[in-house]
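Here's a quick tour of side-chain contacts, starting with charges and moving on to rings. Have the structure open as you read.

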Amino acid sequence: MYLRKPLSVLLLMLSYGIVDAQTKNNAKVESLLQKMTLEEKVGQMAQITLDVIGTGKDRFTSDEPFALDQKAMEKALIQYKLGSVLNTSNNRARTPKVWYEIISKIQQTAMKGTKNGIPVIYGIDAIHGETYTAGATMFPQQIGQAATFNRSLVRRGAEITAYETRASSIPWAFSPLLDLGADPRFPRQWESFGEDPYLVSEMGVQAVKGLEGDNNDVSNPYRVASSIKHFLGYQVPISGKDRTPAYISDQALREYHLPSFRAAIQAGAKTIMINSGIINGVPVHANYNLITKLLKEELGFKGLAVTDWGDIENLYKRDHVAKDNKDAVRIAINAGIDMSMVAYNYEPFCDDLIALVKEGKVKESRIDDAVRRILQVKFDLDLFNKPTTNPKDYPKFGSKEFELASYQAAAESITLLKNTDQALPLNKGVKILVTGPNANSMRTLNGAWTYSWQGEKVEEFAAKYNTILKALENKAGKQNVTYVPGVSYKMDGKYFEEYADQLDAAIAAAKDVDVVVLCLGENSYTETPGNLSDLYLSDLQTELAQKLAATGKKIILVLNEGRPRVISKFEKKMSAVVQSYLPGNFGGDAIADVLLGTVNPSGKLPYTYPQYPNALFTYYHKPSEARSTTEGVYNYDADYNPQYVFGFGLSYTTFKYSPIKLSTAALKKGETLTVSVEVTNTGKVAGKESVLLFTSDLVATLVSPDVKRLRGFDKIELKAGETKTVTFKITADDLGFINPEGQKVTEDGDFTVQIADQKINFTYNQ
């Protein structure tokens, strides 16, 4: 008779199996480490970009079609015994078949040409899908995924990305990005999960679990090793520009920037990438206190710490904290760096590090620690047994199933910010003018990290998908849609370069339609090329918006942008405002479905949308930033004036919240507070609602408390007239804050819970 084992027993057996495999891997790592020469160890710590070992005129470019240079490979992988390769060649996506051929040859050279047969670990920037693989499924960028407030969609996107990255023979993804996206000026805010530490933490954990699996068993051929980045404080430089200095107090660093990395490390993330910038005057790649003391010792991170592109060289070339390359290598490796993303000139890194060890300026025990971490990841990925994965074993690559998941994420990310007099959804048969530089572009829908670094090659690879214009023509009827660009981007120029393109004709065309769908925003960019000097939307786009509004027609503003460009010069004249972020290849379809009412919008802002460039806030600002007018001669106030607040998003239905219920009005140490609220769909159509729970600490010692903080969220779907109860659990730790000594504390006192328009107070006493 067959007796079925209970689920708990099966999970326990699985857990023991994973622990046993890990123990065996640890033993293999130590055994191999004992056999390795210093030169082999140092080689493992170097990572080069693919162009270095491709045929071509130099290391910076390769011939097309791409071919590996056997002589260059042998020097890099056999003579110097390099441990890792990254990136694509010539900044161009490749097919899974081409990836398989390239990586198979790399592994064959590395494993057969060296005495210990150590495989290369290949890494790629899989940012919103497998960036550099033609035909891969491109999801909304992280900022859009955050706007869904739907953990399962984020996890599913990461699972599919892992599958398609492995289908490309690549086992290591430089993702997710866990920087706090708290500055709308920053050129990579769209790569983040937004401005809130809790939201970034929750979505980051889902991304790690999607990439690595529940138990971080990355030997599974459908999983990859994740690389959480960029540790830490990367996105808040004083200037708002990429890789420029930030000044962050220890208290703020721990309160706002550390939680997401802590959560992802606890979730088992295998690798981490270090911040390219400078904090409090010290380049992070040179900061022993951050990399070793905080990351490795305090947080207990056991994985591999890799630099960003060329960042050890930057210590002397850019930052001037090292006198030459050798000095830079000494500083970074002693700070705790395990692998250098050298990119191009690997010989100086390897030669200098070997010399430093022989001179006693870098201890071999530090080298052993780094290589141990590198080998551990390679064994965990089972690269010694299966150095490549074959695309023929991945039949779901680019499948309709995966495409539907991308569409669902895009549809739930779309955020309705304004809807005057129910301007949306559009009525059937309405005559529409579609205009604006983002109306007929797949590049702008995807953003950067799509088939190429800056996204400039998107149109070449994404022609089969629908722009906003094409989607509206398909769904509203081509006979009902007129298109005049009005303004267009210079696609061979910088991201902000644009020109008037039949602007007067667009204004004239508005007179013959019922409604104008005005598609504004930004062209694709990332990193330093995406820096800006003016947060207002461009003059030309503003002119187009104002002249269209002057026609008296109903204007539906569709924003397609990586960061919230200021629109206050014309926002009041818009009948409706829809934020689409960077929704990916199915963004056009999702936007059209929202405009036409096929999809009821349910996205909510994962950041604060500013109304003016000089008035930038996060929602968890301090009370002093939103105070009322004071009494006496110095009568002034503090004007908290965002265009739209964090967590805001409208629907085509309405939701009513009941008074909040608490399990107790006096929380004690060690207890859990249960918070529940009933949500009713009081409208006429079904809708999804993200229920956000905030708490406020009414009085704190020394550190002025944030106005409020997000402590929980859940997304529900309600039919018209339906009611559901949403329940949250809060512990004392959830209410804590970082004090001036850098310790997390929860003090006795009064707190407020807020969900939508409902508030209730409770006390905490130890």
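There are 52 salt bridges in this structure, a salt bridge being a side-chain nitrogen of Lys or Arg within 4 Å of a carboxyl oxygen of Asp or Glu. A search of the whole structure also turns up 31 aromatic pairs. Keep in mind that this is a predicted model: local features need pLDDT of at least 70, side-chain atom pairs count only at pLDDT 80 or more, and totals for chains, interfaces and linings use all residues. Residues are numbered from 1 along each chain as its sequence is written, and side-chain values use heavy atoms, leaving out hydrogens and water.

**Salt bridges**

- Arg94 and Glu64 meet in a salt bridge at 2.6 Å, N to O. Arg94 is in the loop between β2 (84-86) and α4 (96-112), while Glu64 is in the loop between β1 (46-49) and α3 (70-79), 30 residues apart. Helices (H or I, at least four residues) and strands (E, at least two) are DSSP runs, numbered from the N terminus.
- Arg94 is buried at 8% relative accessible area, whereas Glu64 is partly exposed at 42%. Buried means under 20% relative accessible area, exposed over 50%, and partly exposed in between (1.4 Å probe, protein chains only).
- Glu412 pairs with Lys715 at 2.9 Å, N to O. Helix α14 (residues 400-413) holds Glu412 and strand β24 (residues 709-718) holds Lys715, so this bridge ties together parts 303 residues apart in sequence. Both Glu412 and Lys715 are buried.

**Aromatic pairs**

- Rings of Phe, Tyr and Trp (its six-membered ring) pair if their centres lie within 6.5 Å; planes under 30 degrees apart count as stacked, over 60 as edge-to-face and the rest as tilted.
- Tyr256 and Tyr620 are stacked, because their ring centres are 5.2 Å apart and their planes sit at 15°. Tyr256 is in helix α8 (residues 250-266) and Tyr620 in the loop between α20 (587-596) and β19 (655-657), so the pair ties together parts 364 residues apart in sequence. Both tyrosines, Tyr256 and Tyr620, are buried.
- Tyr609 and Tyr644 go edge-to-face, with 5.7 Å centre to centre and 85° between the planes.
- Ring pairs also build a cluster, whose members include Tyr256, Tyr620 and Phe713.

**Charges over rings**

- Arg151 has its charged end over the ring of Phe713, 3.8 Å from the ring centre. The cut-offs here are NZ of Lys or CZ of Arg within 6 Å of the ring centre and within 35 degrees of the ring normal.
- Arg709 places its charged end over the ring of Tyr620, 5.6 Å from the centre.
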